[in-house]
Amino acid sequence: MSQRSERRGIHVDQSELLCKKGCGYYGNAAWQGLCSKCWREEYQKARQRQIQEDWALAEKLQREEEAAYVSSHSSSQTQPPQSHSQPSLATFSKFEEKKTNEKTRKVTTVKKFFSPSSRTAPKKVPPEKESEKREKEKEEKLQGRRESHGETLLRDLKGIFTQPWDMGSPTEESHEGKTPSPSITRQSSIETDRVSRDFLEFLKTLQKPGREIHKQSRAFIESMGNKKDLSAEELSECVQDFYQGMSDRLLNHFKGSSEKVDRVMDQVEKYIMTRLYKSVFCPETSDDEKKDLATQRRIRALHWVTIQMLCVPVDEEIPEVSDSVVKAITDIIEMDSKRVPRDKLAFITSCSKHIFNAIRVTKNEPASADDFLPTLIYIVLKANPPRLQSNIQYITRFCNPSRLMTGEDGYYFTNLCCAVAFIEKLDAHSLNLSPEDFERYMSGQASPRRQDDPAAWLQSGSRVNPALSQIHHNLSVLSNLEKRQQQVMEGAQSLQTELAEWQDSVAREVQEILERYPLEIKSRASAIDAENVENDRLPPPLQPQVFAG
Amino acid sequence: MTAMRVDAKVVMLGKESVGKTSLVERYVHRRFLVGPYQNTIGAAFVAKALNVGDKVVTLGIWDTAGSERYEAMSRIYYRGARAAIVCYDLTDSSSFKRARFWVKELQNCEEHCKIYLCGTKSDLIEADRSVRQVDFHDVQDFADEIGAQHFETSSKTGKNVDEVFQKVAEDFSSCALEFMQEEKGVDLGQKKDSYFDNCCHN
Ligand SMILES: Nc1nc2c(ncn2[C@@H]2O[C@H](COP(=O)(O)OP(=O)(O)O)[C@@H](O)[C@H]2O)c(=O)[nH]1
Ligand SMILES: [Mg+2]
């Protein structure tokens, strides 16, 4: 990236700017070096190809599934040949899923775009896009090829909002660059396929119950496809009923031990929720998104809350502690990237373990609930995790309840809910502040750290928040500049007075000299004759005249 | 991640520093907290398996933050709990007032949650009777009134500690049977339109 922009600044080879298809128009790096027209064609082709591939894969999977069961139960029943006579379930649900993918992805990317916790990736991209875009616009004007302003704007927006940052891991991002590419959707469908395969593998070990579990899970997913308009609570009830019915049946009908049933149910949850995720996470029928934004704003408004106000027993000066704090923050943010409720829970648990470690190292004794909750609140405030409310709701609605309610994961999850509730309700009293101070901090009129002496404030500021420390840095640079400006002004002024003085002194000197040597014009003794040009016009000299007489 | 399978959720409730954490610590790790302990990770959540007759019951014991600033959130904690051990300090009458408050909360919000009243630090009373601020019989009357069990424990000596949790496990185990049967009865009537009734006839 930097290389390219550098090159752009210095020198651009004409041939590099042209569309790689050789159509004669200018290409653009954002479109893999194609011009907009060729890019659109390419993109469409790739999408088409991918949809076909997906269908093919789905059908293949379907055939595999069937083959697997026919072979393991060949004697038991007659199996109607399904693969061609009717469109298979898997294919259908996949297609459905894809459609919703498209729809929800746009929403979530926009959301991501505004969330501060995704600051690392997207923040840098748009401005660069901007400059590229302007470049591009210039080129186009040169070419005499104009698009209406609205059209360009739309295209640019698309370019910005279809960044792959919400799906890919960092490595994928660097591979694909900033290209809005069909392989984004590809990525998620690959994951779905992998989960489906794993599920099948797992069920094969279960013999007869495995077949029934599979059949019912698939039928359930399909039935959920028709229930898009249900409220989030109704969706949750459907899924919970399914879990309940399934585990009852495994316990009673197939006489599984409760450990075994738990294991099976974990797999069922993974399979079902991986497939349903896109349609039931933050569904349009709920106000989850609104709550997400509200929480995010709230946390941002509380940026001034300090460790001391919350009575958090961690000392980030200790390297191991600050390390654990960073890991805890990373985990709670990572939670958003998982699809299966239990996987999300696992991240909350992992975050909590890091918190416990931070407390234990700081206090040199085991942490208790009194230490844990405030520290978790602190971590949530620092992390401002993306879509926090949506995630909490999603876990509550779709996690297998036996895990959620009683176990260790449930404990940490409950604490997270408490932390969020605390942050929502937080007031002056809960931070041991006066209402006036609280108001002033909330409105940004004052910062709690201001009251210390400025040097300490600067130091602690750099530890507390990178943005703050940046501000401090900028402030000091500014004040430095001001000082230097003043110096320049003073210098200029003294130069001016010096100049004026010099002028005066020169004048004085001149005067002096003038006075000392007054101007006297001496009359020169000149040879008159020589100068007398008109001598000849003089009347002739009187000649002696002889008088005869 | 292999989280232990837990049968029942048990929450510890009570005013700050009445000895909730100490009670759990004593029960689970057989020790009393004085001075720093190394190499142990916190005691906020512990899963503990107990024998009840020929069965094993695993209690998930939830310690809670006692500070008043988190009081508004306490409902989130005890949601779904099957037992609550409400602690008060025998040498601090105000802590018993708080205990009454918890009891009322639980009665209002968690009807399936059994309540165990637990007076802590009984070793202090034994050393000096004059420090007792909460009368045994008063509490017993209150316990009878609300249908709760009542214990006086010492985390320092370990007195009565095991008994509390053993009782919790026993009650759960006998109650679980009833509860399950009761649920089943309701199930048949209510879940007519559930997924399984519709789709499972093969
Ligand atoms: N003598 C005595 N002290 C206790 C007992 N239980 C707790 N303590 C002390 O009471 C204080 C608060 O205990 P803690 O368990 O942290 O209370 P929590 O806030 O309810 O968790 C600690 O200093 C304990 O050592 C007990 O049974 N006997
Ligand atoms: Mg405690």
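Helices (H or I, at least four residues) and strands (E, at least two) are taken here as DSSP runs, numbered from the N terminus. The model is a predicted one: local features need pLDDT of at least 70, side-chain atom pairs count only at pLDDT 80 or more, and totals for chains, interfaces and linings use all residues. Residues are numbered from 1 along each chain as its sequence is written, chains are lettered from A and ligands numbered from 1 in the order in which they are written, and side-chain values use heavy atoms, with hydrogens and water left out.

A backbone N or O atom of B:Ser17 lies 2.7 Å from an oxygen atom of the ligand. For B:Ser155, a polar backbone atom is 2.7 Å from a ligand oxygen atom. B:Lys121 uses a polar side-chain atom, 3.2 Å from an oxygen atom of ligand 1. On its own, ligand 1 has 580 Å² of accessible area, and the protein covers 78% of it. Accessible areas come from the Shrake-Rupley method with a 1.4 Å probe; for residues, only the protein chains shown count as cover.

B:Lys121 is found in the loop between strand S5 (114–120) and H4 of chain B. Its phi is near 65 degrees, a positive value in a residue other than glycine. B:Lys121 is partly exposed, with a relative accessible area of 25%. Buried means under 20% relative accessible area, exposed over 50%, and partly exposed in between (1.4 Å probe, protein chains only).

Chain B has seven helices and six strands. Along the sequence they follow the pattern β-α-β-β-α-β-α-β-α-α-β-α-α. Of its 202 residues, 50% count as buried. Contact means heavy atoms within 4.5 Å. Among contacts in chain B between residues at least 6 apart in sequence, 73% join residues at least 24 apart. The accessible surface of chain B comes to about 10,200 Å², and 47% of it belongs to carbon and sulfur atoms.

B:Gly60 sits in strand S3 (residues 55–62). B:Gly60 has a relative accessible area of 0% and is therefore buried. Residues up to four places away in sequence aside, B:Gly60 touches B:Val6, B:Ala8, B:Lys9, B:Val10, B:Phe45, B:Val46 and B:Ala47. B:Gly60 and B:Val6 are 54 residues apart in sequence, yet 5.8 Å apart in space, C-alpha to C-alpha. B:Asp171 lies in helix H6 (residues 161–190) of chain B. B:Asp171 counts as buried because its relative accessibility is 10%. Leaving aside neighbours within four places in sequence, B:Asp171 is in contact with B:Lys114, B:Tyr116 and B:Gln149.

Chain A has 23 helices and zero strands. Of its 549 residues, 42% count as buried. Its accessible surface comes to about 31,400 Å², with 54% belonging to carbon and sulfur atoms. A:Cys311 lies in the loop between helix H13 (307–310) and H14 of chain A. Phi of A:Cys311 is near 55 degrees, a positive value in a residue other than glycine. At 48% relative accessibility, A:Cys311 counts as partly exposed.

The mean for chain A is 74, and 63% of its residues reach 70 or more. Confidence is lowest in helix H7 (residues 170–176), at a mean of 38, and highest in helix H14 (residues 319–334), at 95. Over residues 152–181 of chain A, pLDDT stays under 50; the model has 57 contacts beyond four places in sequence for this stretch. Where pLDDT is low, the predicted coordinates should not be read in detail.

Technical notes: pLDDT is the predictor's confidence in each residue, from 0 to 100. A polar contact is a pair of N or O atoms within 3.5 Å; within protein, one must be able to donate a hydrogen and the other to accept it, and residues adjacent in sequence count only if both atoms are side-chain atoms.
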